[in-house]
Amino acid sequence: MTALSDSSEGRRSALPAVLGKAMRLAATVAFTILGLLVVTFLIGRVVPVDPVLAVVGDRASQSTYDKAFVELGLDQPLYVQFALYVEKAVTGDFGESFLTKKPIIDDIARAFPATLELATVGIIIGTLFGVPVGVWAAVRQGKLADQVVRILGLIGYSAPIFWLGLVGLLIFYAKWGLVAGPGRIDISYEYAFTPTTGLFLLDTAMQGQWDAFRNVVSHIALPAALLGYYSMAYIARMTRSFMLNELAQEYIVTARVKGVAEWRIIWVHALRNAAVPLVTVITLSYAGLLEGSVLTETVFAWPGLGQYLTNSLQNADMNAVLGGILLIGIIFVGLNLLSDFLYTLLDPRVRRRT
Amino acid sequence: MTATPEREGFREWLLSEQPASRGQARIGQAWRTWLAFRSNRLGMVGLTIVVLLVLIAIFADVIAPFDPVLGGDLRTARLLPPSMVHLMGTDDLARDIFSRVVHGARLTLMVVALVAIIATPIGLLVGTTSGYYGGWLDTVLMRITDIFLAFPRLILALAFVAALGPGIENAIIAIAITSWPPYARLARAETLTIRNAEHIDAIRLQGASSLRIIWGHVTPLCLSSVIIRVTLDMAGIILTAAGLGFLGLGAQPPQPEWGAMIAGGRRFLIDYWWVATMPGIAIFVVSLGFNLLGDGLRDVLDPKAAK
């Protein structure tokens, strides 16, 4: 009886509860993004790079300097400067790159598809291998298979990604010639198609440029496999622990008693329940690939966000650095939000509990 | 032979069910933990690697056959392949890579130790305060923690290094700033379960101040799970430091930092593979050691989380 009354009460208050949750979530996200802005703003103020000199050059006269100083709003108190910064950031204005002399937002828009493509292929590889491997390890808990998976995972957690990338290049590119070298595409194919989406795999395939497509594949194979390996290590470990949790439940015993085939118990009954937290894990590791991409892109000369960030850093191009960092932070928050949302969508228990 | 009964007596004293003093109980507990840990083979491998790292760092001057910074003859000793004289070969400035890797152990150990020393107290302080007081203070502190967690670690460390300027000290500060939030979360969760325990109520009734309760009674109970977490994080700290070094933002040349050494060897990767590969093996082995040690500690001290 209590269960019944609970659920009817839940239904009555469902709409306001969902709205309330959405409001709370929106407030949290707004607060977090504001916090990100505070962090990048403060870092921008602390750096020893003079923003005025970056604009006027170091041979400007004192009067030009003073004028630029006022124009940049540097004579205002800190909180006014911050308000100005937020106002600009909201409209997508992160200033101009010192290096490319273009608005940061344009630079980032050009670099982002490269990172997106790499991370997406990486997470697809990671999921396709990580989930079955994790299930396999859980089913053979404590046996050889489990140990092998554990060791593969440990290697993934312990080896520096940039070093594995270099070793990969040394073996698969320099020694065996199986894959193409650094970069996204050979220069001879660069003008064979028009980059509409910026995702070269998609662009070349849609325009039927199969030679270029093959070239893109052989360029992306190694870095994507590398990122895929790292996410696989994490996804397999989490899949294993979720599956162990499910396989210990009583409904599994019931299914076995009923005589359900073992493969069905594992791949249908248990995995479906393990899939809910797994979606969160996959979303988060997708976000983690953004981080991995900073080092991977440097190793593979991949013209994405990570390389843009490190290039700007090495040239003390602070606008670009902070813009890039802010964007990555916002994507991170977005993906976190997405994982929360997917969790609610997939798990009716969470949905009812709101 | 005469020593045997004495040792037996000591063992008995250690494992006694009725310890005579608090000290005996504590030492006995530590001994039991050690016995449990010793049976964890991978954990022992990890411990061995970490102990070796510490020994190598201490005796680096004795172990390293050459100077880590001053190179040999630039005409004859550049980019030599691994041999009996130069176990890991030499780099483009005719420096012995083995000696540099050995001295690099000091830098790595310093980074790990300093980050742990800086980040752990911050995390504990924020977490216990937040959990103990609750209310608006909790909300504010946890929101700040969330903001730090919203950045991927390496990216945030990059941002701080950009602000502070490259260098190993700044890299350490940057990594510490990015490391404390998970510890704060953990300490808060532990505090929430401890806060309403009866022994805390008893202390409060005796008139202990909040500060005293937090520092003297709550923090020690949070310590073990936070320490496990820090140990598990150490591999990550090493990898982040190496990543910063690789990007040229951590240790500066000619310091023999492993990440920076890999970056230096990158140009010669295809013809002289050992220059970039050897320091990478060192990073891999050491972070593997910390990972195994952390896993082992968790299995022994916190069997609940191990599953």
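How many residues of chain B are in contact with residues of chain A? In this predicted model, 36 residues of chain B meet 38 residues of chain A. On the chain B side, the elements that each supply two or more residues to this contact are α6 (135–150), α7 (153–164), α10 (210–246) and α12 (274–301). By residue class, the side of chain B that touches chain A comprises 25 nonpolar, seven polar and four charged residues.

Away from the question of contacts, a few details of the chain B backbone are worth a look. A cis peptide bond links B:P253 to B:P254, with an omega of about 10°. B:P254 itself sits in the loop between α10 and α11 (258–265) of chain B.

Another loop of chain B, the one between α4 (60–63) and α5 (97–133), holds B:L79. This leucine is not a glycine, yet B:L79 shows a positive phi of about 50°. As for its surroundings, B:L79 has 16 C-beta neighbours inside 10 Å and therefore counts as partly exposed.

B:A94 also lies in the loop between α4 and α5 of chain B. Here, too, phi is positive in a residue other than glycine, with a value near 65° for B:A94. Is B:A94 buried or partly exposed? The neighbour count settles the matter: B:A94 has 19 C-beta neighbours inside 10 Å, and a residue is called buried when 20 or more lie within that distance, so B:A94 counts as partly exposed.

How values were computed
Residues are numbered from 1 along each chain as its sequence is written. Chains are lettered from A and ligands numbered from 1 in the order in which they are written. This is a predicted model: local features need pLDDT of at least 70, side-chain atom pairs count only at pLDDT 80 or more; totals for chains, interfaces and linings use all residues. Two residues are in contact if their C-beta atoms, placed from the backbone, lie within 7 Å. Helices (H or I, at least four residues) and strands (E, at least two) are DSSP runs, numbered from the N terminus. Ala, Val, Leu, Ile, Met, Phe, Trp, Tyr, Cys and Pro count as nonpolar, Asp, Glu, Lys and Arg as charged, and the others, Gly among them, as polar. A residue is buried if 20 or more other C-beta atoms lie within 10 Å of its own, exposed if 12 or fewer, and partly exposed in between; C-beta atoms are placed from the backbone.
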